[in-house]
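Visitor: I'm new to this one, so please walk me through it piece by piece.
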Amino acid sequence: MALLLGLLSAIGPFAIDMYLPALPEIGQSLGAGIGAVQMSLTAFFLSLGAGQLLYGPVSDMVGRKPPLYFGLVLFALASVGCALATDVQTLIALRFVQGLGAAAGMAIPRAVVRDLHTGTDAARLMSLLMLVFSISPILAPLAGSGVIALAGWRGVFWAVTLAAIAGLVMMFASLQETRLPAQRVDSGLRSALAGYWLLLRDGHYLGLVFIGAFAMAGFFTYLANSSFVLIDHYGLSPTMYSVAFGVNAAAFFAAAQLTGTLGERYGLVRLVQFGVLASGVVMLAMLAYYAMGGDRLAVLIVLYFIASGFMGLVIPTTGVLALEQHGAIAGTASALMGTLQMLTGALMMALVGLFTDGRPLPMVVGMAAGALVALVLTWFTLGGRRAEPSLAR
């Protein structure tokens with residue numbers, strides 16, 4: 001189950017990570033500047049976030065599998081369109097549609113986890129899902145650089161089309177429905193709107209969501225800018241860039257595998273508190289280094305490797321805690337969480353993009369800002385004023 005859910009969740013990120021080494025080449029091919037090319041990434045994130053608002057309630061109403069089928073088909077069709085795009089405006093529009101399809105794979109697998117488990121059992125399954133999910137940032141840039149060398153940047157979109165088709169086949173063969181008909185009786189448009197209203201008034205839920213959101217926003221900033229910084233500024237080849245990018249992802253998913261064990265021993269709340277504090281300290285050190293004029297690639301990679309490891313303790317765990325008390329509307333709660341996190345990341349990317357000049361400092365400022373805002377939110381949300389949630393099913 002973890003393997004299948006992780007693969008479904010990774011299809012969208014695969015379309016991001018595999019595409020990163022191609023960003024400079026896409027700009028040259030389509031005659032577009034850095035800002036326009038980055039907009040194709042921002043458009044994907046915006047629709048990836050907004051689309052989850054639809055898929056979550058629909059999956060509560062009709063079951064988890066039908067909207068997953070629809071999303072994967074939409075993703076595949078938009079990917080074909082991206083491969084055939086002849087100008088950057090068309091590419092941006094089709095990336096938006098592609099993100100709408102990928103949103104199904106982001107929202108629904110988390111709801112499936114909540115259908116099956118709560119508490120540390122859910123944290124363990126979520127961390128396994130994140131293990132598969134996090135392989136994407138390691139393999140996808142490497143695969144992308146290989147595809148680009150053989151078939152150019154358009155080949156990347158043909159490759160993710162095949163990945164979507166493979167996901168459809170695997171889901172048809174292996175995924176069982178976890179939202180049974182009896183559980184859908186009270187689900188409808190009215191209940192979906194009531195669910196969103198309930199969640200938007202739940203300060204603890206929103207606090208946990210935004211802790212994860214700003215932790216991820218730092219990563220999204222790195223995602224949007226790292227190819228220009230590492231390839232153009234530091235002179236790495238696309239292949240070496242892929243290796244450097246994958247190193248940080250390895251730290252994240254390796255640490256994520258400890259969440260179940262550490263959560264049982266120390267509690268999920270303390271795990272989040274420690275991970276956010278440690279990551280914030282490391283990112284503050286990186287910001288100080290670059291603000292004082294430092295400019296060594298090794299410092300960037302080593303410090304972000306450490307920070308990524310600590311974020312691996314935070315992001316899966318905040319997801320479990322946020323959904324803990326909302327099992328009856330798990331699809332809706334997962335969708336709102338995904339939407340708010342994706343939109344936060346997209347806005348952070350757009351904001352940093354206003355100051356992007358190809359040098360590391362603007363990127364590092366955005367990364368550090370995300371970590372420090374997450375730290376402040378953790379203090380207000382989990383600062384000892386709320387006990388561990390009940391693990392009752």
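Visitor: Where is Gln-273 found?
Guide: Gln-273 sits in helix α12, where helices (H or I, at least four residues) and strands (E, at least two) are DSSP runs numbered from the N terminus. This is a predicted model, in which local features need pLDDT of at least 70 and side-chain atom pairs count only at pLDDT 80 or more, while totals for chains, interfaces and linings use all residues. Residues are numbered from 1 along each chain as its sequence is written, and side-chain values use heavy atoms, with hydrogens and water left out.

Visitor: And is Gln-273 buried, exposed or partly exposed?
Guide: Gln-273 is partly exposed, because its relative accessible area is 26% and that class lies between buried, under 20%, and exposed, over 50% (1.4 Å probe, protein chains only).

Visitor: What does the side chain of Gln-273 reach?
Guide: It reaches the backbone oxygen of Leu-382 at 2.2 Å, which is a polar contact: a pair of N or O atoms within 3.5 Å where, within protein, one must be able to donate a hydrogen and the other to accept it, and where residues adjacent in sequence count only if both atoms are side-chain atoms. Gln-273 and Leu-382 are 109 residues apart in sequence, while their C-alpha atoms are 7.3 Å apart in space.

Visitor: Let's step back. How many helices and strands does the chain have?
Guide: The chain comes to 15 helices and 0 strands. Of its 393 residues, 59% are buried. Taking contacts (heavy atoms within 4.5 Å) with a separation of 6 or more, 86% are between residues 24 or more positions apart.

Visitor: Tell me about α9, then. How many residues does it have?
Guide: Helix α9 covers residues 203-233, which gives it 31 residues, and it reaches 42 Å from its first C-alpha to its last, close to the expected 45 Å; that expected span is 1.5 Å times one less than the number of residues.

Visitor: Where is its kink centred?
Guide: The kink in α9, of about 55°, is centred on Asn-225, with the bend at a residue taken as the angle between axes fitted to the seven residues ending there and the seven starting there.

Visitor: What happens at the start of α9?
Guide: There, a side-chain oxygen of Asp-202 comes to within 3.1 Å of the backbone nitrogen of His-204. Just after the helix, Gly-235 has a positive phi of about 80°.

Visitor: Which residues touch the most other members of the largest nonpolar core?
Guide: That core has 108 residues, and Phe-45, Tyr-205, Leu-230, Met-286 and Leu-300 touch the most other members; a nonpolar core is a set of buried Ala, Val, Leu, Ile, Met, Phe, Trp, Tyr and Cys residues joined through side-chain atoms within 4.5 Å. The largest share of this core, 15 residues, comes from α9.

Visitor: Which residues is Phe-45 in contact with?
Guide: Setting aside neighbours within four places in sequence, Phe-45 is in contact with Ile-16, Phe-220, Leu-223, Met-342, Ala-346 and Met-349. Phe-45 also forms one aromatic cluster with Phe-219 and Phe-220.

Visitor: How many aromatic pairs are there in the whole structure?
Guide: A search finds 7, counting rings of Phe, Tyr and Trp (its six-membered ring) whose centres lie within 6.5 Å, with planes under 30 degrees apart called stacked, over 60 edge-to-face and the rest tilted. Trp-153 and Phe-157 have ring centres 6.2 Å apart and planes at 90°, so this pair is edge-to-face. Both Trp-153 and Phe-157 are buried. Phe-274 and Phe-310 form an edge-to-face pair too, at 5.7 Å centre to centre with 85° between the planes.

Visitor: Where in the chain are Phe-274 and Phe-310?
Guide: Phe-274 is in helix α12 (residues 268-291) and Phe-310 in helix α13 (residues 297-323), 36 residues apart, and the pair links these distant parts of the chain. Phe-274 is partly exposed at 47% relative accessible area, and Phe-310 counts as partly exposed at 21%.

Visitor: Last one: what does Ser-40 touch?
Guide: Ser-40, in helix α3, touches Tyr-19, Leu-91, Ile-92 and Arg-95, not counting residues up to four places away in sequence. Its side chain reaches the backbone oxygen of Val-37 at 2.6 Å, and Ser-40 counts as buried at 1% relative accessibility.
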